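User: Hi! I am new to reading protein structures and would like to learn how with an example. Could you take me through one?

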Amino acid sequence: MINYEELIKSLVLPLVAYPQDVKVEKVNDDSDDLEYKVLVNKADFGRVVGKGGAIAKAIRTILYAGASKEGKRIHLDIESEEN
């Protein structure tokens, strides 16, 4: 069983300048549909999303691959906090 919160943190933390501000929240805990929200410092938002959303897309692709192996679907929202 994949710990998605830890996986998301391990993918996001190396990208940010303010790792202490990264928060991963489970929004939906349905057995087959998982939903997570990542909150990052406003200054780090561009680093996590990437140019044209490329980094966010890559993170989601990794999560989708893990979830599909378990027969689940996963959704990830990336938002910035006002700090």
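User: Which residue in S2 does Asp29 stand opposite?

Analyst: Asp29 stands opposite Leu34 in S2. Before going on, please keep in mind that this is a predicted model, in which local features need pLDDT of at least 70 and side-chain atom pairs count only at pLDDT 80 or more, while totals for chains, interfaces and linings use all residues. Residues are numbered from 1 along each chain as its sequence is written, and side-chain values use heavy atoms, with hydrogens and water left out.

User: What do labels such as S2 stand for, and how do S1 and S2 pair?

Analyst: Strands (E, at least two residues) and helices (H or I, at least four) are DSSP runs, numbered from the N terminus. Two strands pair if DSSP finds at least two bridges between them. Here S1 and S2 pair in the antiparallel sense over six bridges, and they form a hairpin with three residues between them. Asn28 is also part of this picture, standing opposite Glu35 in S2.

User: In what order do the strands of the sheet come?

Analyst: Three strands make an open sheet with mixed pairing, in the order S1-S2-S3. Strand S1 (23-29) and strand S3 (73-81) are the edge strands, each pairing on one side only. From one strand to the next, the twist averages 20°.

User: Where does helix H1 lie, and at what angle to S2?

Analyst: For such angles, axes are lines fitted to C-alpha atoms, for helices over the stretch in contact (heavy atoms within 4.5 Å), and angles run from 0 to 180 degrees between N-to-C directions. Helix H1 (residues 4-12) lies across S1, S2 and S3, and runs at about 35° to S2.

User: Which residues of H1 are buried?

Analyst: Buried means under 20% relative accessible area, exposed means over 50%, and partly exposed is in between (1.4 Å probe, protein chains only). In H1 the buried residues are Tyr4, Ile8 and Val12. They cover an arc of only 65° around the axis, so they sit on the same side of H1; the arc is that of the directions from the helix axis to the C-beta atoms. What covers these buried residues includes S1, S2, H2, H3 and S3.

User: Which residues have the most contacts inside the largest nonpolar core?

Analyst: A nonpolar core is a set of buried Ala, Val, Leu, Ile, Met, Phe, Trp, Tyr and Cys residues joined through side-chain atoms within 4.5 Å. The largest one here has 19 residues, and those with the most contacts inside it are Ile8, Val12, Tyr36, Val38 and Leu76. At least two residues of this core come from each of H1, S2, H2, helix H3 (54-69) and S3. Take Ile8: leaving aside neighbours within four places in sequence, Ile8 is in contact with Val24, Tyr36, Val38, Leu63 and Leu76.

User: Is Asn41 buried or exposed, and which side chain does the side chain of Asn41 contact?

Analyst: Asn41, in strand S2 (residues 33-41), is buried, because its relative accessible area is 8%. A polar contact is a pair of N or O atoms within 3.5 Å; within protein, one must be able to donate a hydrogen and the other to accept it, and residues adjacent in sequence count only if both atoms are side-chain atoms. The side chain of Asn41 makes such a contact with the side chain of Asp21 (2.6 Å).
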